[in-house]
Amino acid sequence: MDKNIRILIVDDFSTMRRIVKNLLNDLGFFNTAEADDGNSALVELRKGPFDLVITDWNMPGMAGIDLLKAIRADAALKKIPVLLVTAEAKREQIIEAAQAGVNGYVIKPFTAATLGDKLGKVFERIGAAA
Amino acid sequence: MSVAAATDARRGMNVAAALPETDDRQAVIGCLRSALAALEADERVQWRSTIDELIQWRTQPLVQGLARLARELEQALGGCGVGGGSLPAQVSGSSPLPEACARLEHVVQVSEDASHHTMDLIQECGVLLGTLPGAAAQEQAATVAAIRSRLSEMTAAQGYQDLTGQIIRRVVVLVSAVHAGLGDLAGDDRPLQLSGLGPSTAGHGPSLAGIDAPATSQDDANQLLSSLGL
């Protein structure tokens, strides 16, 4: 697995952005950028190539589910894997995310082990597709 | 909010069930007779006019009481918005409601600062671990790895700040929406609009036991996603 892949972390809480960033660092991934909602995430995504998006759902401005749909609807972005890390835990929301093309779904609060496990599965798919 | 305004509102809400005061009684009787006569004569304009008059008599005290309540609540809630982390200067000595909102925002800010400080210390511990003499040795490597694993879990545990912050901000947004709705009511007699709390896709935040539907566990989510082919 290429540890230099570029990852965009999207969350309106700076604490959670830092948590995800630090846990990625613990796993050896240091090439990250941050955005605080779906709108600013799309700006970042269009600026430069990203290999993975890790996003919250519940954010002011554009929500994570709408960011996912926008990514899947954009020809230049649609292949980027998206991992939702969210406190939204209703069955219908998980189904909506799956139907919108999410690649993984982590429910907050999560452990470092759970996030590492889900990231591992997403990275496996990235590796297999490469 | 004054006792008088609350009493006015209660009086307004009770008026639907109460008999009219003596002064109003003759006017209401006249109105009812006029409505009956219009109905019997099939005079629609007159019928509608007298019925409207009755409805106005019935609802006017309620509307007046609510409008007065709304004005007073608007004053009490003035300046209670979302965002920002510091206590506003006008809080001291002001009414308790904006102070409560500012305190909630302050809790979000203080817990965010504490989480960042904790993560600063966790990162420093990680660096210090790397400086231990003989840390690479076989006998110490397992212990160092175990400590690093626990430091990672301590980092993940700081997620409480995000979860509690989402709940607190949801309450502040709700209070602000009530404020805005009541502000509208103070200006005219439109109904409260409490549904506009953001786009329908914005999410609901963490589920609270006893209040919200039970949250799906990570295991249940994994099974659900597997059944959907993920």
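Which pattern does chain A follow when it is read along the sequence? Chain A follows the pattern β-α-β-α-β-α-β-α-β-α, and the legends below take up both chains of this predicted model. Residues are numbered from 1 along each chain as its sequence is written, and chains are lettered from A in the order in which they are written. Because this is a predicted model, local features need pLDDT of at least 70 and side-chain atom pairs count only at pLDDT 80 or more, while totals for chains, interfaces and linings use all residues.

**View 1. The elements of chain A.** Chain A holds five helices and five strands, where helices (H or I, at least four residues) and strands (E, at least two) are DSSP runs numbered from the N terminus. Of its 130 residues, 49% count as buried, a term for residues that have 20 or more other C-beta atoms, placed from the backbone, within 10 Å of their own, whereas exposed residues have 12 or fewer and partly exposed ones lie in between.

**View 2. Strands β1 and β2 of chain A.** Strand β1 (residues 7-10) of chain A pairs with strand β2 (residues 32-35) of chain A in the parallel sense over four bridges, and pairing requires that DSSP finds at least two bridges between the strands. Within this pair, I9(A) stands opposite E34(A) in β2(A). The chain passes from β1(A) through α1(A) to β2(A) in a right-handed β-α-β crossover, which is to say that, with the strands pointing away from the viewer, the path from the first strand over the helix to the second runs clockwise.

**View 3. The side of chain A that touches chain B.** The contact takes 31 residues from chain A and 33 residues from chain B, and two residues are in contact if their C-beta atoms, placed from the backbone, lie within 7 Å. On the side of chain A that touches chain B, the largest share, eight residues, comes from α1(A).

**View 4. Helix α5 of chain B.** Chain B has seven helices and zero strands, and buried residues make up 16% of its 230 residues. The 20 residues of helix α5 (residues 138-157) of chain B should span 28 Å at 1.5 Å a residue, and the end C-alpha atoms are 29 Å apart, which agrees; the expected span is 1.5 Å times one less than the number of residues. In α5(B), S152(B), T155(B) and A156(B) are buried. These residues are on the same side of α5(B) because they cover an arc of only 95° around the axis, taken from the directions from the helix axis to the C-beta atoms. On the other side of α5(B), E139(B), T143(B), A146(B) and E153(B) are exposed.
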